[in-house]
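Please look through the structure shown here with the following paragraphs beside it.

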Amino acid sequence: MVTPSTQIIAFYRGRKYAKSWFLAWWQRSEFSHCETILGRTGDVYEVAGSTLFVGVRTTQIKMAPEDWECIAIPRDRDDALFWMLEHRGERYGLRGLFGFIFRRIKGPPNQWWCSKACAAMAKFPDPWRFDVATLRATCFAMGGYTVELP
C-alpha cells in the first residue's frame, strides 16, 4: 500500500529518442531514465529528478502507463521533497556518467544524473554508484514493489 512513508520511483522504458534507446542498451536494461513522483493533479504528475539540459528540477508530465514502471519503496516521501528543495538548480552530472565506463570517476558531488538524484532522494548511500538499472534492482532488493501509476 502506498502511504506518505513510501516513495515512488518511475522508470522510463520509452524509445521515443535515440538517447533513450542507447542508454537502455548500454545498461543492458529496458529502462533509460527515472524520476521520483512527488504528487499528481488529474493525469499530470509532479516529478523530481535531473535531466541533461536542465539539471535538478521538478516538472509536470503526463505519464503513459506503457512507458513507465513505478516502484514503491519504503522511504519517506517528505525526504524527497526536502532533498529537492536543497538541490534544485544544481547542474547535470555529465562527467559523472563516465564513471559507468571508468569506475574511478564519480564526478562533482553537486552534479546529478537522473538515477543519482533519485537514489539521493531515497537516502541511498553513495548515490553516484547508481545507474538506472542498478537503482531499479536495488529498489526491488530492498522490498520495493511495482504499483500502477498512482
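In this predicted model, helix 2, which covers residues 77-87, packs with helix 4, residues 114-121, at an angle of about 125°, and their axes lie 8 Å apart. The two helices are therefore oblique to each other. On the side of helix 2 the contact involves D79, A80, W83 and M84, which meet A117, A120 and M121 of helix 4.

D79 also takes part in a salt bridge with K123, where the closest N and O atoms are 3.8 Å apart. This pair links distant parts of the chain, since D79 belongs to helix 2 whereas K123 lies in the loop between helix 4 and helix 5, 44 residues apart. With a relative accessible area of 22%, D79 is partly exposed, while K123, at 56%, is exposed.

The whole structure holds five salt bridges, and another of them joins R136 to E69, with 2.6 Å between the closest N and O atoms. Here too distant parts of the chain are linked, R136 being in helix 5 (residues 132-141) and E69 in strand 5 (residues 68-73), 67 residues apart. E69 has a relative accessible area of 14% and is therefore buried, because buried means under 20%; R136, at 22%, counts as partly exposed.

A further salt bridge brings together the side chains of D43 and K62, at 3.6 Å from N to O. D43 lies in the loop between strand 2 and strand 3, and K62 in strand 4.

Finally, the surface carries a nonpolar patch formed by L52, F53, V54 and L94, which together have about 450 Å² of accessible area. Of these residues, L52 lies in the loop between strand 3 and strand 4, and its relative accessibility of 38% makes L52 partly exposed.

Terms used. Residues numbered from 1 in each chain as written. Predicted model: local features only at pLDDT ≥ 70, side-chain atom pairs only at ≥ 80, totals over all residues. Heavy atoms only, no water. Patch = residues over 30% accessible without salt bridge, like charges linked within 9 Å, V, L, I, M, F, W, Y side chains within 5 Å. Areas by Shrake-Rupley, 256 points an atom, 1.4 Å probe, with all protein chains shown as cover. Salt bridge = Lys/Arg side-chain N within 4 Å of Asp/Glu carboxyl O. Helix = DSSP H or I, 4+ residues; strand = E, 2+ residues; numbered from the N terminus. Buried < 20%, exposed > 50% of the residue type's maximum accessible area, 1.4 Å probe, protein only. Axes fitted to C-alpha atoms, helices over the stretch in contact; angles between N-to-C directions. Parallel < 35°, antiparallel > 145°, perpendicular 65-115°, else oblique. Contact = heavy atoms within 4.5 Å.
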